[in-house]
Amino acid sequence: MIILTAIIIAVASFGKYVDGKIHASATTILEDRLKPGPLLSHRFDYYGTYIDDAFSTNIISVDTLLAHKREIMDSREQTDKEWKAYLNTYLVPEEDSVAHLADKQMIDVDNKLDAIFDLAQTDKASAQKLLEQSKIKEDIPSITDKVNWLTDLQTRVGQEETIKMLNLIAIFDNFMIGSLALAIMLIGSIIYEAIRNRKEKQPVKTPTKMSATKKKSTAKTPTKKPVTKKK
């Protein structure tokens, strides 16, 4: 019974440990890998679609940029919140480095755009010159490449976390199988000992009168010799 109790305690303790690890892994996969995917996709669209479209022509024009201002600012308002939410998730070291490098470039591009938009309200010629000197068009590919890399990283790290979780579940399964087999063996041993002890405690039967009488009746009786007549 002591061994069985120890097995039950071991299974319960290890089960609690595995449950905590699985819960932590599942939370990490959901919060830090699955949810950031769409956020990064929206951030990519902001720089790779809305801003990049304003620079799609061969000649960089402040008028073209102003024509896209409304959609650029609307997208920025949405994706700024999402990008900050992403930065607040758990980032692995290499991810943290790339994310903060991209963040600096994003802030730089947004500040340049704000300066051009503000100047264009009063002096379009100066705004055009500032746009040509800003090199925003050259900065966009670098930003989108980093966002793409971060998006791919979510899948890769998520897969690694999932594999770790599945391996832990497999270890627990093997532990449970071994514990169950040992428990069955111990129960069988206990039942066997109980049956043997019960037989040893049964009283020994004494011979009855019936058996004594039967023994007496089976004893040999003397045989009579045949008598021969004299002639």
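## Largest pocket

H5 is the element that contributes most to the lining of the largest pocket, giving six residues. The model is a predicted one. The volume of the largest pocket is about 170 Å³. Two or more lining residues come from each of H2, helix H4 (69-87) and H5.

The lining consists of Arg-43, Tyr-47, Arg-76, Asp-80, Trp-83, Lys-84, Asp-103, Met-106, Ile-107, Asp-110, Asn-111 and Asp-114. By class, seven of the lining residues are charged, four are nonpolar and one is polar.

## Packing of H4 and H5

Two packed helices are described by the angle between their axes and the distance between the axes. For H4 and H5, the axes come within 12 Å and the crossing angle is roughly 155 degrees. An angle over 145 degrees counts as roughly antiparallel, so H4 and H5 are roughly antiparallel to each other. The crossing of H4 past H5 is left-handed.

On the H4 side, the contact uses Lys-69, Ile-72, Met-73, Arg-76, Asp-80, Trp-83, Tyr-86 and Leu-87. Their partners in H5 are Glu-95, Ala-99, Ala-102, Asp-103, Met-106, Asp-110, Leu-113, Asp-114 and Phe-117. This contact of H4 with H5 contains 10 nonpolar and seven charged residues, with no polar ones. Arg-76, Asp-80 and Trp-83 of H4 take part in this contact and also line the largest pocket.

## Packing of H2 and H5

Helix H2 (residues 36-54) and helix H5 (residues 93-120) have axes that come within 13 Å and cross at roughly 40 degrees. H2 is therefore oblique to H5. Their crossing is left-handed.

H2 supplies Arg-43, Tyr-46, Tyr-47 and Ile-51 to the contact, while H5 supplies Met-106, Val-109, Asp-110 and Leu-113. Six of these residues are nonpolar and two are charged, and none is polar. Among them, Arg-43, Tyr-47, Met-106 and Asp-110 are also lining residues of the largest pocket. Met-106, Asp-110 and Leu-113 of H5 meet H2 and also meet H4.

## Packing of H2 and H7

H2 also packs against helix H7 (residues 136-201), at an angle of about 165 degrees and with the axes 9 Å apart. H2 and H7 are therefore roughly antiparallel to each other. H2 passes H7 with left-handed crossing geometry.

Pro-36, Leu-40, Phe-44, Tyr-47, Gly-48, Ile-51 and Asp-52 form the H2 side of the contact. The H7 side is formed by Ile-136, Ile-140, Ile-143, Thr-144, Val-147, Asn-148, Leu-150, Thr-151 and Gln-154. In the contact of H2 with H7, 10 residues are nonpolar, five are polar and one is charged. Tyr-47 and Ile-51 of H2 belong to this contact and to the contact with H5.

Definitions and conventions: Residues numbered from 1 in each chain as written. Predicted model: local features only at pLDDT ≥ 70, side-chain atom pairs only at ≥ 80, totals over all residues. Heavy atoms only, no water. Axes fitted to C-alpha atoms, helices over the stretch in contact; angles between N-to-C directions. Helix = DSSP H or I, 4+ residues; strand = E, 2+ residues; numbered from the N terminus. Parallel < 35°, antiparallel > 145°, perpendicular 65-115°, else oblique. Left-handed = near helix turned anticlockwise from the far one by under 90°. Contact = heavy atoms within 4.5 Å. Nonpolar A, V, L, I, M, F, W, Y, C, P; charged D, E, K, R; others polar. 1 Å grid on protein atoms, 1.4 Å probe; cavity = no way out; pocket = protein on both sides within 12 Å on 5 of 7 lines; lining within 4 Å. Points joined across faces, edges and corners; volume = space filled by probe spheres on them.
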